[in-house]
Amino acid sequence: IVTDLMDKLTHIFGQGLFNSFYPVPQQAIGVGSAFEGWSPRAQDAVYCVLVPLSPPPGHAFHLELDTAGVLPRKCCVRVELLCTCTKEQLGEDMLCFLHHSEEELRRKQDPSLLHTLCTDSYLDVDKTVHWFYRFVRVAWLLLPQSHHWRLTLQPSSHSCKFQLSKDQESFMVEVIFGVRQGDSDIFVGSQPTEAGISSTTWLETYAVAEAKFFRHISRQAPHDSWHCKCLQLLSRILMGVGFSSYALKTVVMHLVNTVPVTQQGRRDFLQRLVNTLKYLRCSLETKQLNHFVIGNERFPTEISLPSDFRAAEAPNLFQHLASNPDAHTKAMQEYVRLL
């Protein structure tokens with residue numbers, strides 16, 4: 001339902017934004033636990049999709065990544081105007097933003113992206129989300145789903161959240177926006193940032209690459225593979241415990257990437273569950289849990305990464321435990337609770 005809805009919304013966007021200079025939404029990509037197959041509670045699942053944004057005609061996106069090394073890395077998306085005089089000479093109905101007067105552009109053409117969703121030449125997260133919200137309100141009435149489902153928009157500044165309801169059925173959809181790094185499966189996305197951070201700050205996200213990894217494993221492993229059930233069980237138990245589900249997910253991804261396919265069936269579930277908890281304990285004791293995507297030379301080559309990712313030093317997701325003894329003590333206590 002979510003995939004079909006997003007495909008139709010993207011199609012309506014393409015028609016409604018024709019001849020305008022807003023970002024161009026591409027086909028949505030399902031990410032997160034609901035699309036990876038390990039959502040801990042089906043009734044509470046949030047169906048998260050990432051919508052890649054491409055620059056409109058006459059514009060280009062340039063990513064300015066913070067190389068400080070703190071995850072997730074911060075980024076600004078600088079918007080540049082391109083000369084389109086050649087297209088105009090070929091008879092295309094578009095004036096060049098660089099070489100036509102402001103008065104002529106104002107009379108004959110919609111404003112550039114720099115004058116709508118940007119702040120100081122940078123794509124603004126808040127403005128982009130609010131623009132999408134406004135469009136969804138109108139586009140929803142044109143969708144066949146509107147005859148059977150009720151859409152309720154939820155307040156959010158860095159993503160577009162809405163609830164779909166019909167009779168006793170209800171589920172939540174969250175749309176985040178992303179700009180692709182080159183031709184890779186790594187994006188900078190519109191996830192929430194800490195308070196005080198500029199609305200032109202986007203965060204590097206590995207969600208698409210991780211979702212593709214889960215699909216890669218499911219094609220190879222037995223149909224009753226253990227890894228999703230293991231994650232589902234442990235993340236369900238984690239509710240009320242301070243561990244992040246992302247740490248557990250990282251542990252499971254490391255394990256499933258090294259365990260032979262023949263040992264990933266249902267009969268191996270208990271042993272794999274024990275191995276997952278042992279791996280987690282070892283990571284806690286050593287205060288070291290390597291990021292799964294960055295610095296992982298065993299990451300499947302069929303998933304496209306930026307050229308420097310595999311050779312990079314893997315960031316330590318437990319670095320905060322190494323620098324904070326109280327946090328480490330608390331993490332070990334929560335591990336005992338998890339057991």
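**Burial, salt bridges and the domain interface**

User: Why is E210 called buried?

Analyst: E210 has a relative accessible area of 3%, and buried means under 20% relative accessible area, with exposed over 50% and partly exposed in between (1.4 Å probe, protein chains only), so E210 counts as buried. Before we go on, this is a predicted model, in which local features need pLDDT of at least 70 and side-chain atom pairs count only at pLDDT 80 or more, while totals for chains, interfaces and linings use all residues. Residues are numbered from 1 along each chain as its sequence is written, and side-chain values use heavy atoms, with hydrogens and water left out.

User: Thanks! What is E210 in contact with, leaving aside its neighbours within four places in sequence?

Analyst: Its partners are E36, Y246, K249, M253 and V293, where contact means heavy atoms within 4.5 Å. E210 itself lies in helix α6 (residues 207–220); helices are DSSP runs (H or I, at least four residues) and strands likewise (E, at least two), numbered from the N terminus.

User: What makes K249 and E36 a salt bridge?

Analyst: The closest N and O atoms of the two are 2.9 Å apart. A salt bridge is a side-chain nitrogen of Lys or Arg within 4 Å of a carboxyl oxygen of Asp or Glu, so the pair qualifies. The two residues are 213 residues apart, with K249 in helix α8 (residues 245–256) and E36 in helix α2 (residues 33–36).

User: Are those two partners buried or exposed?

Analyst: K249 is buried, because its relative accessible area is 6%, and E36 is buried at 6% too.

User: What is the area buried between domain 1 and domain 2?

Analyst: About 1400 Å², of which carbon and sulfur atoms give 66%. Buried area is the accessible area (1.4 Å probe) that two parts lose on being put together, summed over both. The domains are 1–206 and 221–337, with bounds from an automatic or database domain assignment.
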